[in-house]
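I opened this notebook to record what I looked up in one structure.

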Amino acid sequence: MAARAFVLPEGVKSFLEQQIDQAIFISKSDHGVHDRLEEQRLLAAIQQCATNRVAFHKRRLNAAQPYNRLPREIWCMIWAQLPPKRMLKIARVCSDWRTYAIAERRLWTSHTILIDFPTAHCDCGNDWGCKDDGDHYERATEKYMERNLFQMALFLERSGDLSFHLDVTVGHASPDPRVAQRLADELVDYTERLTTLRYCFASVESMTRVFSELGSLPALQTLEFDCCDGDFDELHLSELYLPDMPSLHTLRFCFKWVMWDVDIEQFCDLRTLATPVSSLDQFQRVLHSCQKLHTLETTFIYGPDNNLPMTQFEDIASRLAAIRTVTLKYDSAWDKEARRLAVLAKDGRHMTFDYHGKLNLERATAPLSFLEHLGRSISHFKLAVEGVRFTLEVHDDDDRSRRVVLNDAAKYITNIASVAWNVLDARAVTHATVDWSLLRAFLAAIPQHGAESITTLSIHLPSSLSMNALIMDALPSSAHFPRLTCLSLEAAQDAVVTASGVSRVVRAIVPSGRRLQTLRLVRTQVLVDNDSALLDVVEAVVSTRDIGN
């Protein structure tokens, strides 16, 4: 129902009319307003003055609203969580928001630009209507490109002298030549501020044109190459004509295959590298050229080299052990070589073995032997699943970790957990984290000595959890943790559980007669399903009578 319009009292209405009439009279008599044109201007000025005064009082009322009492710093913290392009809309909401947004330069330091059209005469039949009339299509794409580039220029200007992050996608193998030229023209004056560049392209040609125009990127620290065309997944570095990048320390290739057919010495200062390799010879050459690496992510592709000498494996493994964080992604073709490197690089700090080939029981459990290289005291044992990807992660007290990632491992989870505990042998584990869907397998596999050493147990809950429906099926009644002092129920998004469900979880895990010191509920709402349920949790379970949030 629409709000009823306010009716001015007669006295107020008469007063306003008298004031307007008096203003017109004074202007005519004292300021020489006589002809018709000047009188029209006078009336427009009086109307504008009244409008401004009303707008002033509107702003005063709006300023009293609760959301307008928030300081500028809070608004900027909120906006920083949004996609960067949203800043264009935020700056058009009101004058205050525009002032806040433009004044906070860090909100404008990242931009994504999409240029997804070919030449006007392309015959690829894509959604942009390449088969339409050439002149009409050329005008449409020109307008689209100019809008993208104008927005990028606006972000570059409003970010002041701060470092800039740019994500460029050129989605056609044969883009209009003007794309590269216009993009380079906009960037050429800002190359000393461009620190991060992600380039997603459908052909080498579409990217090298931009690089050839820029020449040098002196401030660039992070460079990422991707491919937005499924048929184009091989990259020869010699075809890129890479510009001079003296500050580059992070390089990522999201390709199936990369040929390092360039002088790798130009990448000798890299700290982070993600690249596929097709042979151990190539892998060895990369490792020896990039001696300062802290983080390495490698995907082994095609088949391994045959009959390589053990000395070559030992040389590669020694370099891997010197890198703080290493991720090896491999399939069944590289299974043997990856295991050999893992054994030889046993002194490595943080190593991840990501197997994405076809699984059987032997291949699912074989990588767990790498856990043997950890220290005698385990600080954290974690089981997690995301979609079809299963992760087992173990950390020791010497700041070393091993992480195993498997695809489609659901039917082997209990076996994997059992083998992991067997490999860890008598090591003491103080903290365990497990997803709710894996809790049954975790409790079924844990040996008695493992349960006895755990003092903190974190259970990750799904936001759609119905604890009452799952509790009896998920938890074996024989699973007890006699030294458990802290139980944490955590959800990535808000989850809803019942107080009686929480109580049954605790009673199923904690031995009879023992109480927890801390029960922590993170992003988890507890519904009191009967009068005594929550009191039972506090009184009978938590000795301190505190529930941490």
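Axes are lines fitted to C-alpha atoms, for helices over the stretch in contact, and angles run from 0 to 180 degrees between N-to-C directions.

The model is predicted: local features need pLDDT of at least 70, side-chain atom pairs count only at pLDDT 80 or more, and totals for chains, interfaces and linings use all residues. Residues are numbered from 1 along each chain as its sequence is written, and side-chain values use heavy atoms, with hydrogens and water left out.

**Helix pair.** I looked up helix α1 (residues 10–30) and helix α2 (residues 36–63), which pack at about 140° with axes 11 Å apart; helices are DSSP runs of H or I, at least four residues, numbered from the N terminus. The two are therefore oblique to each other. In this contact (heavy atoms within 4.5 Å), α1 contributes Ala23, Ile24, Ser27 and Lys28, and α2 contributes Glu39, Leu42, Leu43 and Ile46.

**Core.** I then turned to the largest nonpolar core, which has 134 residues. Such a core is a set of buried Ala, Val, Leu, Ile, Met, Phe, Trp, Tyr and Cys residues joined through side-chain atoms within 4.5 Å, where buried means under 20% relative accessible area (1.4 Å probe, protein chains only). Phe225, Phe442 and Ile459 have the most contacts inside this core. Beyond four places in sequence, I found Phe225 in contact with residues including Tyr199, Phe211, Leu242 and Phe255.

**Whole chain.** I noted that 45% of the 549 residues are buried.

Definitions and conventions: Buried < 20%, exposed > 50% of the residue type's maximum accessible area, 1.4 Å probe, protein only. Parallel < 35°, antiparallel > 145°, perpendicular 65-115°, else oblique.
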